[in-house]
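Let's take a friendly walk through this fold together. Have the sequence and the 3D view open side by side as you read.

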Amino acid sequence: MIEIVYKENAKETGERRILDLPKNVRQIGEPEDKRKIYIEDYVITYLRKFAREEMLNSRGAILLGRSEWMDGIPYLFIKSAIALKGVSCSRDGIPFTDEIWAEIYGAIKEYFADQDIVGWFLSMPGYPMEPDARLLKTHINYFGGVDKILMIEDPTEGEEDFFAYENGKLTRQKGYCIFYERNEAMQRYMVEMGDGEGVDQKEEFDDRATRTFRAIVQEKKDSSGQKRVMTFLYTASTFLVMVVLVIGITLINNYEKMEGLELALSEISQSLENQEGQAAEVYVQSSTDPELAEAVAAENAEAAGGEGENQPEEQEEHPEEQAQEQPEQQPEETEEAISHNVEETPEVYIVQKGDTLLSISRKIYGRDDKIGEICRLNGIWDSNHILIGQKLLLP
């Protein structure tokens, strides 16, 4: 029977058959690679409610659905459950009598004719969640095979686990999946058994599976939106950090350049101050140096003596005329010479732009032979080097 169901519900692509797996699924734990268990949301909700109705007593149920294979792995789809009311677990396990099986197959024929038995359910309060020998015996006797499972519920803790027969024992499965669909057969069973609302009543509201699916989709959208916002904020903060770093590096470089410029200006200013100080020192020294004054006086005397040597010959030729002319011309010539010296020979000259010692000598004295005297009087060693604004003591 399993092979027939497999062929009817499987799709073939070449030699490999592909199953129509549920699309709206919520995973619990980490499902096994060697077995896949899917249970419909109505079924697990019904079983939890059924177990809590008598939390201090054990209760059982039969799990229905279909069992299929793909790539050598069994896939169990639990779509319905039939409650075994009035049946409890004893030391010998659950007594599956002929009357109980008759009741089970009667419910299957009436409500779940297209489904098969895929396992059983057991609610045991305070159970240590590990099957013992009596449960293993019951499972082998009535639910043998790798495509049958046992679901154990602890109503006091609200926990459930699935077990499968492997290597001679019931092995706990690491995880399973809950899927959502319009399970009208299970709804009808629940209503007629007095355990839930009917399909007609259900249609007045949104289907629970649809609402759950919408909630999951919305949750994913919200999560995706939050991720996009976080990504944007992270990108923006990274960009701002880079901008701040670039600005900081630029400011540091500009600060170093400003420091270098300030140092250069300071050196130039200090150099100008030193040159002005040297010029002032030379001026003071030259104005107070008696030897320099004597040298200037000696040069003046020589100049005067040279002019006197030429005068005796003229006096010898016309001694009387010279004696008569000198008293009349000497005062006027002396005053004119003094006046000329006062107006054209200032004591101090301030160097202007474009001045040279040669141009100053020509400008002040009208001749070129005063350069040496100006250099000696002002302590200038290089006649080609004077500064704008420099004060020169004139001979």
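Predicted model: local features only at pLDDT ≥ 70, side-chain atom pairs only at ≥ 80, totals over all residues.

Axis angles of 65 to 115 degrees count as roughly perpendicular. Helix α11 (residues 357–365) and helix α12 pack with their axes 9 Å apart, at an angle of about 105 degrees. α11 and α12 are therefore roughly perpendicular to each other. On the α11 side, Leu357, Leu358, Ile360, Ser361 and Tyr365 take part, and they meet Ile371, Ile374 and Cys375 of α12. Helix α12 spans residues 371–378, and its buried residues are Glu373, Ile374, Cys375, Leu377 and Asn378. So what comes after α12? Glycine 379 follows the helix, with a positive phi near 65 degrees.

Now step back to the whole protein. There are 12 helices and 13 strands, and 34% of the 395 residues are buried. Among contacts with a separation of 6 or more, 69% join residues 24 or more positions apart. The protein exposes about 25,500 Å², with carbon and sulfur atoms supplying 53% of that area.

Next, find the sheet. Strands of a sheet pair through backbone hydrogen bonds, either parallel or antiparallel. Here 9 strands form an open sheet with mixed pairing, in the order β3-β11-β4-β6-β5-β7-β8-β9-β10. At its edges are β3 (25–29) and β10 (169–172), each of which pairs on one side only. From one strand to the next, the twist averages 30 degrees. Glutamate 166 has lysine 169 of β10 as its bridge partner.

Is it enclosed or open? Because 5 of its 5 residues are buried, β4 is largely enclosed by the rest of the structure. In a regular strand the side chains alternate between the two faces of the sheet. In β4, Lys36, Tyr38 and Glu40 point one way, while Ile37 and Ile39 point the other way, and all are buried. Strand β4 also has two parallel partners to look at. With strand β6 (residues 73–84) it pairs over 4 bridges in the parallel sense, and isoleucine 39 has isoleucine 78 as its bridge partner there. Strand β11 (residues 175–179) runs parallel to β4 and is joined to it by 3 bridges, with cysteine 177 in β11 as the bridge partner of tyrosine 38.

From the sheet, move to helix α2 (residues 41–53). α2 lies across β4, β5 (59–70), β6, β7 (116–123), β8 (149–154), β9 and β11, running at about 45 degrees to β6. This helix also packs against α5, at an angle of about 25 degrees and with the axes 9 Å apart. α2 and α5 are therefore roughly parallel to each other, and their crossing is left-handed. Tyr42, Val43 and Tyr46 of α2 make the contact with Met186, Gln187, Tyr189 and Met190 of α5.

Follow α5 (184–192) onward and you reach methionine 193, in the loop between α5 and α6 (199–202). Methionine 193 counts as partly exposed because its relative accessibility is 37%. Leaving aside residues up to four places away in sequence, methionine 193 touches Lys85 and Tyr111. The C-alpha atoms of methionine 193 and alanine 83 are separated by 9.5 Å, although these residues are 110 apart along the chain.

Key. Residues numbered from 1 in each chain as written. Heavy atoms only, no water. Buried < 20%, exposed > 50% of the residue type's maximum accessible area, 1.4 Å probe, protein only. Contact = heavy atoms within 4.5 Å. Areas by Shrake-Rupley, 256 points an atom, 1.4 Å probe, with all protein chains shown as cover. Pairing = 2+ DSSP bridges. Axes fitted to C-alpha atoms, helices over the stretch in contact; angles between N-to-C directions. Parallel < 35°, antiparallel > 145°, perpendicular 65-115°, else oblique. Left-handed = near helix turned anticlockwise from the far one by under 90°.
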